Amino acid sequence: MASTASASTQQKPQETREEQQRNPPLGYDVQDYIGFKFEFATAKGVQGRFTVSERSCQLYGVLHGGISAFLAEDLARLGALIASNWKKIDGVKLSVNHLRAIPVGQEVIASATPLMVGNRIQVWDVKFSTLKPKDTSNDTSPTELSVVSRVTLIAGGLPSEGSSQKDMFEQYSKL
């Protein structure tokens, strides 16, 4: 009986380095699940891309609105973390407008840029673009705007509260 009690109170063993690289840290598992890859993240902007798949679409075979809303807030939040010197960031308002459907198999580029970075309040624009079909591309822009979002965030707390997120993101993203 005593051995059962001690076994149930044992803590989970530490993950190996290989397991840590394979398993995304808390908060990045959705990006990993849909295949989202960060390209860069700075106080001036955050960008990444993914291909719409059955993991990120709705019943009709197009990008799910919940995925675009999640990614919009997540990219803006990461940029806000960096811009605030890694203070704790909370979302205040999120609006998302879907301008055109993005079908399964289409690559999506998501870019977040700050509109206003204050001491406490930040406002970020997030745009989701897709590559134009080759046969209809007559202008110089290789992408079509498909989703636009505006995210308002508030920075608060001490920089140390967000610094662990910095370490996790740097390890996971390998930027």
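This is a predicted model: local features need pLDDT of at least 70, side-chain atom pairs count only at pLDDT 80 or more; totals for chains, interfaces and linings use all residues.
Me: How many of the 11 residues of S5 are buried?
Reply: Numbering runs from 1 along each chain as its sequence is written, and side-chain values use heavy atoms, with hydrogens and water left out. Strands (E, at least two residues) and helices (H or I, at least four) are DSSP runs numbered from the N terminus, while buried is under 20% relative accessible area, exposed over 50% and partly exposed in between, with a 1.4 Å probe and protein chains only. S5 is mostly covered, and its count of buried residues is eight.

Me: How many bridges join S4 to S5?
Reply: Two strands pair if DSSP finds at least two bridges between them. S4 and S5 form a hairpin with three residues between them, and Thr113 stands opposite Asp125 in S5. S4 (residues 107-117) and S5 run antiparallel, and the number of bridges joining them is nine.

Me: Which residue in S6 does Val126 stand opposite?
Reply: S5 and S6 also run antiparallel, joined by 11 bridges. In S6, the residue opposite Val126 is Ser149.

Me: Which residues does Ser68 touch, not counting residues up to four places away in sequence?
Reply: Ser68 is found in H4 (residues 65-83), and it counts as buried because its relative accessibility is 0%. Contact means heavy atoms within 4.5 Å. Phe128 has Ser68 among its contacts beyond four places in sequence, which also include Leu71, Ala72 and Val108. By the same exclusion of sequence neighbours, Ser68 touches Leu63, Val96, His98, Phe128 and Val147.

Me: How far from a polar atom of the Ser68 side chain is the backbone oxygen of Gly65?
Reply: A polar contact is a pair of N or O atoms within 3.5 Å; within protein, one must be able to donate a hydrogen and the other to accept it, and residues adjacent in sequence count only if both atoms are side-chain atoms. From the backbone oxygen of Gly65 to that Ser68 atom, the distance is 2.9 Å.

Me: Is Thr152 buried or exposed?
Reply: Thr152 lies in strand S6. Beyond four places in sequence, Thr152 touches Gly91, Val92, Lys93, Ile121, Gln122 and Val123. Its relative accessibility is 18%, so Thr152 counts as buried.

Me: How far apart in space are Pro142 and Lys132, C-alpha to C-alpha?
Reply: Pro142 is in the loop between S5 (121-131) and S6 (143-156), and it counts as exposed because its relative accessibility is 52%. Not counting residues up to four places away in sequence, Pro142 touches Thr130, Leu131 and Lys132. Pro142 and Lys132 are 10 residues apart in sequence, and their C-alpha distance is 5.7 Å.

Me: Which residues do ring pairs link into a cluster?
Reply: Rings of Phe, Tyr and Trp (its six-membered ring) pair if their centres lie within 6.5 Å, with planes under 30 degrees apart stacked, over 60 edge-to-face and the rest tilted; this gives two aromatic pairs. Phe36 and Phe38 are edge-to-face, at 5.1 Å centre to centre and 85° between the planes. The Phe36 and Phe50 ring centres are 6.0 Å apart with planes at 50°, so that pair is tilted. The cluster linked by ring pairs consists of Phe36, Phe38 and Phe50.

Me: Which element has the lowest mean pLDDT?
Reply: The average pLDDT of the protein is 83, and 69% of the residues score at least 70. S4 has the highest mean among the elements, 98. Residues 1-9 have pLDDT below 50, and this stretch has zero contacts in the model beyond near neighbours in sequence. The lowest mean, 46, belongs to helix H1.

Methods. pLDDT is the predictor's confidence in each residue, from 0 to 100.
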